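Visitor: I am new to this structure and would like to learn how to read it, one feature at a time. Could we look at it together?

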Amino acid sequence: MAALIVGGLLGTGGAYALATIPAGAETSAASAAQAAQGEALFAANCASCHGLDLQGTEDGPTLIGVGAASVDFQVGTGRMPLAMSGPQAPSKPVQFTQEQIAALAAYVASVSPGPAIPDEQYLTGENADLAQGGELFRINCAMCHNVAGAGGALTEGKYAPPLTGVSPVHIYEAMLTGPQNMPVFNDDNITPEEKANVIAYLKYLETTPSVGGASLGSLGPVSEGLFVWIAALGLIVGITIWLTAKSN
Amino acid sequence: MTEQHELSAHPEAPERSSGIAVISEHPVENPGFPPERPRVTDLDPKQEKGQERRIVALFFVSIIGSVAAIALYILFPIIPGDMQSVRNNTMFVGLAIALALLAIGVGVVHWSKALMHGHDLVEERHATRGSEATRGRAAEIFTEANQESGFTRRRLLRNTLITAAVVSPLPAVVLLRDLAPAADPVPLLKHTMWDKGVRLTRDPSGTPIRAADVTLGSAFHVIPEGLNELEHGRLEEKAKAAVLLMRLKPEDLHVSPEREDWNFRGIVAYSKICTHVGCPVALYEQQTHHLLCPCHQSQFDITREARVIFGPAKRPLPQLPITVDDDGYLVARSDFTEPVGPSFWERVL
């Protein structure tokens, strides 16, 4: 019986070892194939603006050095390919599958290195310091993205988008690469651990119900003032009319 | 009705108030009141009974609301540490009390409107001028008081009293003076924690920043080194010394000759305190290099030394001259060369 178990264990272990040894070579072959697929996709979908060699054209900036993180953010949130020029590229339905996005990212990163797609360990929100994440968010992010992450207006039609419903990996990549007019918050400014705390804080805000009652979009005095002026003032006017009207 | 007749029949009542200066030759004729309309409760005893039942029901609703408030307080207790329970407790108890009080109010008003004696009533305004008898008596009292007190006769007494009354508010001048700042505010407003060699550190951690850390397009929120160690007035100092650090391409910066060495290879530091009314200006757009103040939409162009390009701000944001020390950390060359933040009375510029 024991011999059988030992044999079985050895057999599975051996099979595992055999399967994993050539994996390195396979991975590089796979990434080469992925980059080739990405190159084809790039030439078909991106090169008309960004240039065949990523050098940029009159219509689009160079992508040399933007890294895989930038591609994953811009294409993964549907901002690229751009539907039309305007003050800002809006987030819209994603045009590619996750596999195609990964291929594009691998291709752009293979041409010249740049910020990589973040490690999974910074995106789970486990063991996060929410208080620190909140403080960093209020200092670095809240002035544009609103204290509750509800987004806000910038100049000349540009805006800071709401952060609710954005996946952790895209929040991380946005901080790392500074898409469009957002400043860059590199790992020397806000460390990966601190970025993880900011993301965990945003997810905490999103999942914690508002204890102060209806948040009305968390837009502050605009929506709250509108509600008070229309609903509460309307109620007062109605009561006044009822008080002074003669009974039938 | 009865009061109206009484008033208009009053022989002494003047026709117009003495306050009316212009008397129109052809005044608009007063159309009078529409004929009084009886209410349904005045005509139909069944309706009256029905309204009474409704008001009784409202008072019962109020009783139910009060009892419900107590019941809901017990049903939704406040659990320490659970903010959601506080919300539920206050919301339900508040709604029940609101119902109880509102039902009393609505019931009482409805009672008075539907059931109480409902005839129209007119009460004319009184004339502003009193009757001759009242006016004469008032003048009499004044003269009597003067005679009895000797106010005009005993002149020394009167004059010293007037002088004492005039002098008595003078201590307020000294007291009000104490409302002014104890020290001259100008040096406080002109100087911040920044000085030659003070390192630029990250907000809130206070760790120093290397020039190499600030990559192109970056924005760092900066406090002076040693701010976190202050025991008193930390927030006051932060409110003056807060700085935004940005890196642009050096060729994008238009630097005036006297500020040649104020940036370090395209890294610039500007006061974060708006020159309009002092809001923190930190909405930096890294492609347009515009800095937007969220309070009143003032915009500053970082490429042109934070010149105002839109909005109510009058002056550019003060620039902090920076360089690097021997260890590669960013340091200030000096304090700001002008007072930060909004204008104040004694500001000379």
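**Reading the model**

Guide: Let us begin with the largest pocket, whose lining is made up of 50 residues, with Pro61(A), Thr62(A), Leu63(A), Gln180(A) and Gln287(B) lying nearest its centre. Please keep in mind throughout that this is a predicted model.

Visitor: Which elements give two or more residues to the lining of the largest pocket?

Guide: In chain A these are helix H2 (23–45), helix H3 (47–50), helix H4 (67–76), helix H5 (98–111) and helix H8 (168–177). The largest share, 4 residues, comes from H4(A).

Visitor: How much space lies in the largest pocket, and how do the residues of its lining divide by class?

Guide: The space comes to about 1,600 Å³, and the lining holds 25 nonpolar, 21 polar and 4 charged residues.

Visitor: How should I read a cavity, and how many of 30 Å³ or more are there?

Guide: A cavity is a place where a 1.4 Å probe fits but cannot get out, and in this model the count is 1 cavity of 30 Å³ or more. The largest cavity has a volume of about 60 Å³, and among the residues that line it are Leu253(B), His254(B), Arg259(B), Trp262(B), Tyr270(B) and Glu305(B). By class, the lining of the largest cavity divides into 6 nonpolar, 4 polar and 2 charged residues.

Visitor: What does the secondary structure of chain A come to?

Guide: Chain A has 10 helices and 2 strands, and when it is read along the sequence the pattern is α-α-α-α-α-α-α-β-β-α-α-α. Of the 248 residues in chain A, 36% are buried. Among contacts in chain A between residues at least 6 apart in sequence, 60% join residues at least 24 apart.

Visitor: At what angle do helix H6 and helix H9 of chain A pack?

Guide: Helix H6 (residues 130–140) and helix H9 (residues 192–207) of chain A pack at about 90°, and their axes are 7 Å apart. Angles of 65 to 115 degrees count as roughly perpendicular, which is why H6(A) is described as roughly perpendicular to H9(A). Where they meet, H6(A) contributes residues including Leu130(A), Leu136(A) and Phe137(A), while H9(A) contributes residues including Val198(A), Tyr201(A) and Leu202(A). The contact of H6(A) with H9(A) has 8 nonpolar, 4 polar and 2 charged residues.

Visitor: Where should I look for cis peptide bonds, and what is omega there?

Guide: One cis peptide bond joins Met80(A) and Pro81(A), with omega about -5°, and Pro81(A) is found in the loop between H4 and H5 of chain A. Another cis bond runs from Asp203(B) to Pro204(B), with omega near 5°, and Pro204(B) lies in the loop between strand E1 (200–202) and strand E2 (219–224) of chain B.

Visitor: Which residue has a positive phi although it is not a glycine, and is it buried or partly exposed?

Guide: Gln297(B) has a positive phi of about 60°, and its place is in the loop between strand E6 (290–292) and strand E7 (299–301) of chain B. Gln297(B) counts as partly exposed because its relative accessibility is 39%. Ala306(B), also not a glycine, has a positive phi of about 60° and lies in the loop between E7 and strand E8 (307–310) of chain B. With a relative accessibility of 0%, Ala306(B) counts as buried.

Notes: Residues numbered from 1 in each chain as written. Chains lettered and ligands numbered in written order. Predicted model: local features only at pLDDT ≥ 70, side-chain atom pairs only at ≥ 80, totals over all residues. Heavy atoms only, no water. 1 Å grid on protein atoms, 1.4 Å probe; cavity = no way out; pocket = protein on both sides within 12 Å on 5 of 7 lines; lining within 4 Å. Points joined across faces, edges and corners; volume = space filled by probe spheres on them. Nonpolar A, V, L, I, M, F, W, Y, C, P; charged D, E, K, R; others polar. Axes fitted to C-alpha atoms, helices over the stretch in contact; angles between N-to-C directions. Parallel < 35°, antiparallel > 145°, perpendicular 65-115°, else oblique. Contact = heavy atoms within 4.5 Å. Buried < 20%, exposed > 50% of the residue type's maximum accessible area, 1.4 Å probe, protein only.
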